[in-house]
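Please open the model in your viewer and keep the selection tool at hand.

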Amino acid sequence: MNLLNLIKTYHYFLLIIFFDVVITVFYPGTGLAIFKYTAGNFAEMLSIIPPIFLLLGLLDVWVPRETIIRYLGEGSGLEGIVLSIVLGAAAAGPLYGAFPVAAVMAKKGTKYSNIIIFLCSWSTLKIPMFLFEMSALGIKFALTRWLVNIPGILAIAYIIDRLIGEENKAEFYRRQMANL
Amino acid sequence: MFTLLLYLLALSGLLISFGKDRHKTRLALIKGWKAFTNILPDFAVVLALIGIMLTHLSPHTIAALVGKNSGFPGMLASSIVGSITLIPGFVAFPLAKSLLDRGAGIMQMAVFVSTLMMVGVVTAPLESRYFGKKETILRNSLSYVFSFIVAIIIGMVVGA
């Protein structure tokens with residue numbers, strides 16, 4: 001990739017960094033804090049993301065589409081729903097780690113509503129987070145939130161599935177097929 | 001800890017795969033790398049934005065915002081802060097706890113924690129890149145409304 005292409009691909013990012021530099025010139029304290037946090041974010045991302053993409057590549061190559069369709073595809077029913085919740089809750093890491101995983105799930109034929117259930121579970125049911133929440137805010141608080149979230153996630157997934165529209169759904173699957 | 005587990009899983013997967021089929025393993029690595037570089041430009045934007053956010057919305061600022069408020073305006077304020085910030089759980093939970101100890105309402109803290117986890121304004125561009133605009137708007141707004149329901153129920157259960 002040549003330099004021009006690189007600049008084109010990262011133009012939004014470069015724009016923000018330019019903005020940060022301008023801030024640093026006028027307000028060195030604030031600017032340096034921004035760079036410190038940004039660097040920290042990159043460090044965190046780069047420490048979590050590599051194994052996820054490595055596993056995704058392996059999953060893509062080794063797990064046949066038929067297997068995923070059987071467990072998570074159309075007609076997977078209650079089993080597919082439970083499995084989607086478990087997969088999301090078992091995850092560690094920020095929500096942006098869920099997006100590429102969802103993309104591979106889509107590519108392999110996972111039902112749309114199950115993908116949304118997985119995404120929502122990842123965002124809010126994470127077991128590691130739950131343990132931490134329990135120790136900080138108490139068992140009652142954490143457990144209530146966790147239990148209320150399960151029907152909530154199912155409702156949200158159902159509503160999105162009904163409202164999203166067939167074209168949007170088809171476009172989503174088409175994009176994931178093209179991406180990997 | 002969990003990251004370590006993830007690494008162990010990925011590395012053992014890689015080794016097993018390599019032992020079984022070198023060609024397929026090569027393909028898996030290429031696919032993983034391609035998926036990563038495909039999304040990196042958007043990732044970089046989000047991480048840079050979070051850097052700016054974190055600088056201006058420190059735990060101190062948040063405490064000033066939601067600690068003094070009460071009732072529905074307090075919930076609204078904490079839900080907005082929760083929606084736009086991306087504070088890791090190990091900072092957010094103790095923060096909520098310390099605010100509770102200083103007199104913040106349980107529902108304000110519940111809506112804060114819930115929106116923090118479920119609603120992502122800063123990550124919306126990235127979500128949109130994968131899922132499309134409509135899904136992103138639907139999921140985030142439904143999660144936002146749902147966070148208030150969660151907060152009210154937690155208020156009833158824990159507050160009672």
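**Before you click**

This is a predicted model, in which local features need pLDDT of at least 70 and side-chain atom pairs count only at pLDDT 80 or more, while totals for chains, interfaces and linings use all residues. Residues are numbered from 1 along each chain as its sequence is written, chains are lettered from A and ligands numbered from 1 in the order in which they are written, and side-chain values use heavy atoms, with hydrogens and water left out.

**Stop 1: colour by confidence**

Colour both chains by pLDDT (the predictor's confidence in each residue, from 0 to 100). Chain A averages 89, and 98% of its residues score at least 70. Chain B averages 85, with 89% of its residues scoring at least 70.

Now select helices (DSSP runs of H or I, at least four residues, numbered from the N terminus). In chain A, confidence is lowest in helix H8 (residues 127-137), at a mean of 81, and highest in helix H9 (residues 139-163), at 95. Where pLDDT is low, the predicted coordinates should not be read in detail. For the complex, the predictor gives an ipTM of 0.78 and a pTM of 0.79.

**Stop 2: where the chains meet**

Select the residues in contact (heavy atoms within 4.5 Å). How much area is buried between chain B and chain A? It is about 6500 Å², and carbon and sulfur atoms give 79% of that; buried area is the accessible area (1.4 Å probe) that two parts lose on being put together, summed over both. Next, pick out Met117(B), Tyr130(B) and Phe131(B), which supply 11% of the area that chain B buries against chain A, more than any other three residues.

**Stop 3: a salt bridge across the interface**

Show the side chains of Asp60(A) and Lys31(B), which meet in a salt bridge (3.1 Å, N to O). The term stands for a side-chain nitrogen of Lys or Arg within 4 Å of a carboxyl oxygen of Asp or Glu. The rule finds 1 salt bridge across the interface of chain B and chain A.

**Stop 4: two domains in chain B**

Colour residues 22-56 of chain B as domain 1 and 58-159 as domain 2; such bounds come from an automatic or database domain assignment. Their contact takes 10 residues from domain 1 and 9 residues from domain 2. Between them the two domains of chain B bury about 940 Å², 70% of it on carbon and sulfur atoms. In domain 1, select Ile39(B), Val46(B) and Met53(B): they lose the most area to domain 2, together 43% of what that side buries.

Which residues form the salt bridge to look at here? Arg129(B) and Asp42(B) do, through their side chains, at 2.8 Å from N to O. The count between the two domains of chain B is 1 salt bridge.

**Stop 5: one turn of a helix**

Finally, move to helix H10 (residues 166-179) of chain A, where Glu171(A) and Arg174(A) lie 3 residues apart, about one turn of the helix. Their side chains meet in a salt bridge (2.8 Å, N to O). Over all chains, the count comes to 9 salt bridges.

Conventions. Helices (H or I, at least four residues) and strands (E, at least two) are DSSP runs, numbered from the N terminus.
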